[in-house]
Amino acid sequence: MRMSQYFLPTLKEMPSEAQIVSHRLMLRAGLVRQTSAGIYAWLPFGLRVLRNIERIVREEQDASGAQEVLMPTIQSAELWRESGRYDAYGPEMLRIRDRHDRDMLYGPTNEEMITTLFRDAVKSYRDLPRNLYHIQWKFRDEVRPRFGVMRGREFLMKDNYSFDLDKAGAIRSYNRMFVSYLRTFARMGLRAIPMRADTGPIGGDLSHEFIILAETGESAVFCHKGLVDRDILGRKIDYDGDLQPIVDEWTSLYAATDEKHDGGRFEAEVPAGERLLARGIEVGHIFYFGTKYSKPMNAVVAGPNGDQVTVEMGSYGIGVSRLVGAIIEASHDGAGIVWPESVAPFKVGLLNLKPDDAAVSAACATLYGALGKAGIDCLLDDRDLRPGAKFADMDLVGLPWQVIVGPKGLAAGKVEVKNRRTGAREEVPLDGVVARLG
Ligand code: 5CA
């Protein structure tokens, strides 16, 4: 993509309405714009990040055995009356009336809808277990939408729902999601710590929040320091095997959000030097709630002995749009965003320092073509601006690699390659750039 043609409205000034660094950077780097309180439009640059996050979520969901569906955003109130949650959900639910005076709502979550889809289609234990996910916009009329996409009113969530014949099966499904979440967040360069958590309006008695540590996080968290550096990506995962040992490894050390925190236990279980009191951002939340929805909504299957069995369920959420902000909170510096490669909107920023110099522009065109051919996403700054402004913009938008092309280096057949995270610079011959970045 050529910046001279790209819709990338960066801001030099600090937006005064933004309180936290990720929100400021998302506005300054042209990722999003607020259209009403807690509702955002995604501009091309931000949308590329959102799509990359979705892709990782989707790959890890598929690998764990979950299957993708797509349910609508608008739901009928009838569904929610069946589960008893229509009145219980309160003012966070955006209630709508259609032209026939039917009560509808903009879905804040999908337990009811998926339960009816399942109930109407599955009649036998032979068709269990099932795990269905979708990535869809949700609406929650939050009292205090704030921090940009971090606590929005309209936000993108991946939610999935598991159906099992008995509790043991449901725990296996829960464990699959537990491990798949560890992998999902690690692939985005995040260290997400599973913590015992409250279940709120979703319900149930077994639940973990996946929390990344950040000073601006909304929850106070308490955990054993040993959980911060645990690696999952180096492990081979067999989703058909027994995942309990991995879950036990991650849950054996103390970790709880403030709602579930037990000061006495924390002090008894965690040696003083290992105690971490911090703030965190909830990027995912998983729940096992047994028959809370299947019972009132009559989701039953014929069991192996012909008896009717109410299915055991769990639900599992990832804040896809919140993650864009969370990743920035975890990965930025004084100059701007520092994207992890896996979610970066482009891998390389190519800076043409002198667009009116024919040789420099020709070299940039060659590099741009060669990178594209090699499948490396590249943003070419071909705008007619001073080098200083280009350096500042490129650091602000945070692409992992910068390739800097100027007349001096080019005279010697070289360009400069800069790593955004470390700041390390190296001179690379023009024809070695693709190999260096490939
Ligand atoms: N049905 C369950 C699991 S699918 C559910 O709705 N869980 S939840 O309420 O915990 O939401 C799942 C995730 O969505 C949260 O972990 C959080 O990352 C994200 N989320 C929740 N509310 C918001 C919000 N207002 N803005 C942005 N993301 C949010």
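Visitor: What covers the buried residues of helix 10?

Guide: This is a predicted model, in which local features need pLDDT of at least 70, side-chain atom pairs count only at pLDDT 80 or more, and totals for chains, interfaces and linings use all residues. Residues are numbered from 1 along each chain as its sequence is written, and side-chain values use heavy atoms, with hydrogens and water left out. Helices (H or I, at least four residues) and strands (E, at least two) are DSSP runs numbered from the N terminus, and contact means heavy atoms within 4.5 Å. The cover of the buried residues of helix 10 includes strand 19 (348–352), strand 20 (378–381), strand 21 (401–405), helix 12 (407–411), strand 22 (414–419) and helix 13 (433–437).

Visitor: Which residues of helix 10 are buried, and why do they count as being on the same side?

Guide: Buried means under 20% relative accessible area, exposed over 50%, and partly exposed in between (1.4 Å probe, protein chains only). In helix 10, the buried residues are Val360, Ala363, Cys364, Leu367 and Leu371. They are on the same side of helix 10 because they cover an arc of only 100° around the axis, the arc being that of the directions from the helix axis to the C-beta atoms.

Visitor: Which exposed residues are carried by the face of helix 10 turned away from its buried side?

Guide: Helix 10 covers residues 358–373. On its face turned away from the buried side, the exposed residues are Ala358, Thr366 and Lys373.

Visitor: At the start of helix 10, which backbone nitrogen does a side-chain oxygen of aspartate 357 reach?

Guide: A polar contact is a pair of N or O atoms within 3.5 Å; within protein, one must be able to donate a hydrogen and the other to accept it, and residues adjacent in sequence count only if both atoms are side-chain atoms. At the start of helix 10, the side-chain oxygen of aspartate 357 comes to within 2.9 Å of the backbone nitrogen of alanine 359.

Visitor: How many aromatic pairs does the structure hold?

Guide: Rings of Phe, Tyr and Trp (its six-membered ring) pair if their centres lie within 6.5 Å; planes under 30 degrees apart count as stacked, over 60 as edge-to-face and the rest as tilted. The structure's number of aromatic pairs is 13.

Visitor: What is the angle between the planes of tryptophan 80 and tyrosine 89?

Guide: Tryptophan 80 is buried at a relative accessible area of 0%, and tyrosine 89 is buried at 10%. Their rings form an edge-to-face pair, 5.6 Å centre to centre, and the angle between the planes is 85°.

Visitor: How many residues apart in sequence are the parts that phenylalanine 178 and phenylalanine 210 tie together?

Guide: The ring centres of phenylalanine 178 and phenylalanine 210 are 5.5 Å apart and the planes are at 65°, so the pair is edge-to-face. Phenylalanine 178 lies in helix 6 (residues 167–187) and phenylalanine 210 in strand 10 (residues 206–213), so the parts tied together are apart in sequence by 32 residues.

Visitor: With which side chain does the side chain of serine 162 make a polar contact?

Guide: Serine 162 is in strand 8 (residues 154–164) and is buried, with a relative accessible area of 0%. Not counting residues up to four places away in sequence, serine 162 touches several residues, among them Arg130, Asn131 and Tyr316. At 2.7 Å, the polar contact of its side chain is with the side chain of tyrosine 316.

Definitions and conventions
The expected span of a helix is 1.5 Å times one less than its number of residues.
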